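The sequence and the structure come first, and the notes follow by topic.

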Amino acid sequence: MPISAQDNSNITGLTSQEVESSRAKYGKNILSSKKYNPFISAIKNILKEPMVILLLVASSIYFISGETGDGIFLVSAIILIAIISLHQDSKTRNALEKLKIYSQPSCKVIRNNITEEIKSEDLVVGDSLILEEGIIITADGIIVHSNDFSVNESILTGESLTVFKDKTKNDHKVYSGTTVTSGLAIVTITNIGNDTSLGKIGKSLESIIEEKTPIEIQINSFVKKMVFVGAIVFLIVWIINFLQSKEILDSLLKALTLAMSILPEEIPVAFTTFMALGAWRLMKMGVVVKKMKTVETLGSANVICIDKTGTITENKMSLVEIYIPSTGIIKTLKEDKLSDDEQKLITLSMWASEPIPFDPMELALHQAYSNLTGLDERPNYKLIHEYPLSGKPPIMTHIFQNGNGERIIASKGAPEAFLNLSKKSDSEKSILENEIKQLTQKGYRVLGVAECDFTGNDFPKSQQDFLFDFKGLIAFYDPPKKNIPEVIKSFYKAGITVKIITGDNQETTSTIAKQIGFEGYEKCISGEELMKLNDADLKTCVIKTNVFTRMFPEAKLKIINALKSNNQVVAMTGDGVNDGPALKAAHIGIAMGKKGTEIAKQAASLILLDDDLSKMVNAIGMGRRIYKNLKKAIQYIISIHIPIILTVFIPLALGWVYPNIFSPIHIIFLELIMGPTCSIMFENEPMEENTMLLKPRPLSTTFFNFKELSTSIVQGIIITFGTLFTYQIALWNNYDEATIRTMVFTVLIAANIFLTLVNRSFYYSVLTTIKYKNNLVILIISITIIILCLLLFVPPLTSFFEFKQLNIQQLLFCGIIGFISVIWFELVKLLNIKSD
């Protein structure tokens with residue numbers, strides 16, 4: 001952003017050497033808080049896990065009973081679980097740290113006489129910091145230059161009133177944590193980090209408040225219920241075993257075996273892993289997720305509200321045409337030579353812009369003025385008063401004065417605002433309205449330009465009180481982005497309704513909407529009209545209308561809330577200060593990374609780093625993928641836990657010949673196989689072909705709905721039939737206990753492998769999913785088979801697990817039973833596809 005010479009000729013900023021010297025003396029601009037050791041914290045969390053507690057108890061019993069080998073194995077299992085948990089915790093924490101880095105605020109400073117953008121933490125004492133509307137101030141400083149500058153200091157004072165500040169006033173300081181509500185200022189930094197006013201009162205803007213998401217609440221509730229069930233079953237089995245054997249430690253060990261089989265401790269781990277890695281994957285795509293809840297909500301979005309300028313269009317304004325009422329001719333700038341009046345119109349519109357322009361339209365006007373004039377008058381005039389953009393429709397006014405006392409009072413804004421304020425006859429207004437329509441129907445953004453004569457120093461409170469002389473129209477063209485038509489189509493295919501909410505007028509918006517293939521471009525409603533609707537009509541209107549024009553903050557917020565009251569899951573894009581309330585109200589607030597203000601980024605739940613809306617299509621697809629894969633993982637956990645539980649419980653409850661077929665070492669081994677499968681393999685599954693062709697799932701959908709839960713239960717019961725059938729066949733063949741144990745265990749492992757393959761999709765056949773690219777599938781299945789072979793054919797391991805070597809017929813039998821107990825679900829998929 002260029003710094004205008006007339007206002008800032010004496011501000012050169014620090015040199016690179018001075019920056020390093022200041023940083024060495026005062027440190028970085030970071031609010032440091034009490035450090036905690038993540039490793040120690042993770043260890044504490046591991047020791048609180050019910051499964052680890054059970055393993056510690058079981059290993060203690062083994063040691064007390066003199067079975068040192070089994071005790072050592074369980075202690076090794078605890079260590080292995082701890083290593084896996086620490087690895088996953090580290091991976092999750094690293095992903096979140098990267099997100100934190102990406103979502104850190106940036107700022108603009110003057111250094112070495114040029115303007116550059118840096119991270120806020122790199123600010124140093126003495127820096128010349130540029131503050132613009134919408135920025136969150138990240139250090140304390142003293143104002144050295146300002147234009148109509150005001151801030152909100154509610155974070156410090158509790159008062160949400162706007163405070164105007166100037167270097168000439170007593171209150172010429174700015175404070176960290178406050179927000180710029182209007183104007184522009186350059187300040188010299190005096191305090192950073194913990195030395196700021198915010199740091200001294202101990203409020204950390206870097207702290208992240210973690211809240212439970214709906215799915216997390218459901219998962220935690222489910223796990224707690226299972227823990228309760230496990231505790232009850234544990235007591236019953238302990239009592240039954242004790243009454244039969246009179247051996248307290250032995251019966252306790254058998255009861256612990258069953259309790260361990262009931263605990264689905266993989267589910268919370270899978271959830272945390274999926275959410276954190278999902279956020280990390282989104283970050284790699286250019287989408288920064290600020291709240292974990294957003295990852296969960298993305299797949300449910302069924303309405304997205306988008307802005308026109310910068311979201312649909314390129315936000316590259318070029319001044320293309322102008323209109324002077326006196327000539328009645330619309331001039332094209334590139335083709336026609338401009339008259340003195342037309343040049344004066346462009347000059348006036350430049351004076352109505354910020355002296356230090358950052359808005360694309362104002363940059364275009366300053367550039368047009370520079371191209372037109374041989375003598376640049378800007379250094380000779382000083383801005384003495386400014387009226388920010390306000391009113392319905394909005395306008396803005398600047399008052400400049402030179403050393404001789406000569407004034408320029410220039411205003412620009414919505415053309416209809418000047419038609420209402422200027423003393424034009426009805427016929428003149430009709431002509432102007434027709435010219436405005438001609439320009440807007442080309443898709444141009446049109447502004448009215450006016451001036452005023454005012455000699456006194458007692459300026460009116462409202463700019464609308466000036467007696468404006470309307471001078472003409474200026475038209476800008478901001479072309480649609482090339483990929484926008486395809487992006488809009490992608491939203492429609494995914495069952496997502498798209499709505500345009502813009503401050504521009506109806507004709508311009510409708511023209512651009514038509515160009516990009518937008519559905520419902522013909523029907524529009526303005527902000528003023530919308531505010532007059534009662535609640536019932538508003539609810540109907542926001543569903544039936546897709547284009548909302550001349551919108552202001554209250555109207556935007558009303559649209560979002562009305563959509564939510566219609567049970568819509570709403571995503572909204574925004575970049576300005578005034579978008580903050582609506583962004584916060586939306587289920588998914590989307591801020592623009594490049595052109596978005598810090599206030600918009602603060603209010604949003606995710607940030608598009610490169611302002612590309614197509615990334616939102618990818619993000620919604622990723623959200624749906626994460627949700628589906630998490631469901632697959634949890635359904636897999638439920639399906640494989642049921643046969644483990646019943647295989648342990650039924651022989652014991654029915655008094656079969658060998659009632660205690662498995663011990664804790666067998667259960668923990670199965671748990672170690674299942675953990676990586678659900679939390680690593682399923683997380684890495686690609687998005688299924690039909691994911692973005694399905695309608696969004698309602699946000700109120702229960703994660704464990706009856707149909708999906710019953711599918712998992714039936715899968716688990718049929719695998720149980722397979723294991724118990726194997727038990728009985730082996731018994732019928734007079735096999736000993738070790739052989740029966742080995743065959744039942746092998747069937748469970750085989751069923752686990754086939755279940756992994758079959759449950760990769762609950763819609764597509766395994767013949768389709770086998771082509772999906774996921775190298776972890778082959779890796780985990782290969783490791784499982786290798787470990788099984790080691791257990792069966794390495795004598796020390798076989799002996800330790802109380803197994804027996806199986807012959808080829810027994811192995812084939814176990815493999816076939818495991819296959820049949822799972823493959824039946826392929827027929828269910830086939831029937832579902834045919835019914836569709």
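In this predicted model, ring pairs join Tyr387, Phe418, Phe454, Phe459, Phe466, Phe468 and Phe470 into a cluster. The count of aromatic pairs comes to 22, and two of these, which share Phe745, are described below.

**Aromatic pairs around Phe745**

- Phe669 and Phe745 form a tilted aromatic pair, with 5.7 Å from centre to centre and 40° between the planes.
- Because Phe669 lies in helix H25 (residues 664-681) and Phe745 in helix H27 (residues 737-758), this pair ties together parts that are 76 residues apart in sequence.
- Phe745 also pairs with Phe803, and since the ring centres are 5.0 Å apart and the planes stand at 45°, this pair is tilted.
- Phe669 is buried, Phe745 is buried with a relative accessible area of 0%, and Phe803 counts as buried at 6% relative accessibility.

**Charged groups over rings**

- The charged end of Lys392 is placed over the ring of Phe552, at 4.1 Å from the ring centre.
- The charged end of Arg697 is placed over the ring of Tyr627, at 3.5 Å from the ring centre.

**Cysteines**

- The structure holds zero disulfides.
- Cys305 counts as buried at 1% relative accessibility, and Cys524, with a relative accessible area of 17%, is buried as well, because the cut-off for buried is under 20%.

Notes: Residues numbered from 1 in each chain as written. Predicted model: local features only at pLDDT ≥ 70, side-chain atom pairs only at ≥ 80, totals over all residues. Heavy atoms only, no water. Disulfide = S-S within 2.5 Å. Buried < 20%, exposed > 50% of the residue type's maximum accessible area, 1.4 Å probe, protein only. Phe/Tyr/Trp six-rings, centres within 6.5 Å; stacked < 30°, edge-to-face > 60°. Helix = DSSP H or I, 4+ residues; strand = E, 2+ residues; numbered from the N terminus. Lys NZ or Arg CZ within 6 Å of the ring centre and 35° of its normal.
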